[in-house]
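Could you walk me through this structure in plain words?

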Amino acid sequence: MATLYITEQGAIVRRVDERIIVEHEKEVLADIPIIKVDQVVLFGRVGLTTPVIETLLEQGIEVCFLNQWGRFLGRLQPVQGKNCLVRADQFRAAFDAGQATYLARQFVLGKLKNMLNMLMRARREGVSLPEEPFLEINQAIKALPRAENVDGVRGLEGAGSAAYFRVFGNLLKKEFQFYGRVRRPPTDPVNSLLSFAYTLLAKDIASAVNTVGLDPYTGFLHKDRYGRVSLALDIAEEFRPLVADAVVLSVINRGMVVQDDFEQELGGAVKLKDDARKRFLAAYEQKKQSEIRHPYFKYRATYRRCMELQARLLAKYLQGEVDKYLPLVTK
Amino acid sequence: MTGTAPVREWQEDELVPIAALNQYAYCPRRCYYIYVAEEYEDNIHTLEGSYLHENVHQASEHLRGEKLQVRSVTLYSARYGLAGKADLVEIEDGQVYPVEYKKGRRGDWQNDQIQLCAQAMVLEEVTGRVINHGYIFYASERRRQLIEFTPELRAETLQVIQAVRELLTTRRRPPQKEGPRCQGCSLKAICLPSETRKILSCGEEEQ
Ligand code: SF4
């Protein structure tokens, strides 16, 4: 089961028998059995015929719409089971300051620990790094249990991440420059890749969250903002260093993406050219399907499965079946 | 019209699917996932099971010797509030009895027997005859097993009908019971029994 990414502007997606056909000006770009696909992601101007939409929905395959630059626009969601019970518990927890603070803390704890582990690993591999970011991230981790509310947690998250991003550039083995995180819009290649990777990650976690019956739009750490998949962004925190940052580092360090693969737009935003974007999507997909040994359960699982596991474990916490939410932290 | 008059009118959500009895007797939590939370993961077992059923379910009647066989019989009991299907109903020497097809072999749990017994109870209501036995055909053993509808089995079946009705109407999630049944359960990846145990038993700091 895989994600089908369609980036060709003007492409048309149709159904022929039990297959998905992607066409562009009468030329067949892809021809895939429907059973091999579990998600379809469209970038920009891609057309879907009604029969293909019907079939995708019937088969429980969701369709995500991103604009041509990779910004998430929304999704076409197949009917869900009637698991509204778990949503009721989620909403209750979202309005309970104590529970919301606890969960916010756990998401940030996972993120900061994974950031710290990533820097430690780089140092073991010979990257020279100053001592301060380690101290600062550790301090933020230690202070988390004392954060009294979600705002306090967010402050610590900001401090820890800033320390991490101050040295993230040191992990790059190619000529790319990186001086810190710049969002909306990213004005350098590395930030542009990071933003793109975070969008893909949030999309995948939103679908995991949805499979479990949770509402992707109601979060704890991220404030509900209309149209934002806040819960997905919450769970994404722990996966950012593990999946998104790791993919960005590996495509750059292995030379799969080079300076020439980026173009600057008029407004200063930097984006990947089409070809490189395809390579990046493939690298991201590969990372998602790669297996790790699960730190608590000791079996092998893909990151993709880990995302669903975290969503299921969160649902168990919200339904009172377990008494804690443990973020995924890997060494 | 034959059969007994309805004992009561059943609301749609009070009607118990006969197949749900089997799931419940196997594990109440599994029944909850499938019939309440509508989480259903097909695995090899359930898929093969449904192919097997497709063959059996081509509603048809044909005579084999003196035996009349009716396949895929829709069952409804006004008395017990049950609805479902029997894979096969046979009529032989004036006796009526259900036959249920199962992939695999007989398990240690009473679940298949309970499902069959419920089918028989509905058939009794519909035909007005007493049914003392039926059969379960286990595909991997390639033979029929005789099941007798003893008073104990009937009592247990009634209990399970009650329990399933309560589950469907209250929608209360039964506790997870990690045990040997989880081994063959296709919903393990959703229910996560061993993972839950590990989380409950570890301290926050250990992570
Ligand atoms: S995994 Fe075990 S406890 Fe969970 S539904 Fe299956 S049999 Fe029941």
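**Starting from one arginine**

Leaving aside its neighbours within four places in sequence, Arg105(A) is in contact with Leu144(A), Pro145(A), Ala147(A) and Val153(A); contact here means heavy atoms within 4.5 Å. Arg105(A) itself lies in helix α3 of chain A, residues 97-124. Helices (DSSP runs of H or I, at least four residues) and strands (DSSP runs of E, at least two) are numbered from the N terminus. Arg105(A) and Leu156(A) are 51 residues apart in sequence, yet 9.3 Å apart in space, C-alpha to C-alpha.

Before we go on, some ground rules. This is a predicted model, where local features need pLDDT of at least 70 and side-chain atom pairs count only at pLDDT 80 or more, while totals for chains, interfaces and linings use all residues. Residues are numbered from 1 along each chain as its sequence is written, chains are lettered from A and ligands numbered from 1 in the order in which they are written, and side-chain values use heavy atoms, with hydrogens and water left out.

Now for the sheets. In chain A, four strands form an open sheet in the order β4-β3-β2-β6, with mixed pairing; two strands pair if DSSP finds at least two bridges between them. β4 (27-33) and β6 (46-48) of chain A are at the edges with a single partner strand each, so one side of each has no neighbour in the sheet. On average, neighbouring strands of this sheet are turned by 25° against each other, direction ignored. For such angles, axes are lines fitted to C-alpha atoms (for helices over the stretch in contact), and the angles run from 0 to 180 degrees between N-to-C directions.

Let's walk along it. β2(A) (residues 11-16) and β3(A) (residues 19-24) run antiparallel and are joined by five bridges. Ile12(A) stands opposite Glu23(A) in β3(A), and Val13(A) has Val22(A) as its bridge partner. These two strands form a hairpin with two residues between them, and Asp17(A) in the turn has a positive phi of about 50°. β3(A) also pairs with β4(A), antiparallel again, over six bridges, with Arg19(A) opposite Pro33(A). That hairpin has two residues between its strands as well, and Glu25(A) takes a positive phi near 45°. On the other hand, β2(A) and β6(A) run parallel, joined by three bridges, and Ala11(A) stands opposite Val46(A). Helix α1 (residues 50-58) of chain A lies across β2, β3 and β6, at about 65° to β2(A).

Chain A also has an open sheet of four strands in the order β1-β5-β7-β8, with mixed pairing. Its edge strands, β1 (2-6) and β8 (72-76), each pair on one side only. Neighbouring strands here are turned by 20° against each other on average, direction ignored. Helix α8 (residues 274-289) of chain A packs on this sheet, touching β1 and β5 (37-43), and its direction makes about 170° with that of β1(A).

Finally, hop over to chain B for the ligand. Which residues surround the ligand? Among them are Cys27(B), Cys182(B), Cys185(B) and Cys191(B), along with Arg29(B) and Lys188(B); a residue is near a molecule if one of its heavy atoms lies within 4 Å of it. α2 (28-35) and α7 (188-191) of chain B each supply at least two residues of this shell.
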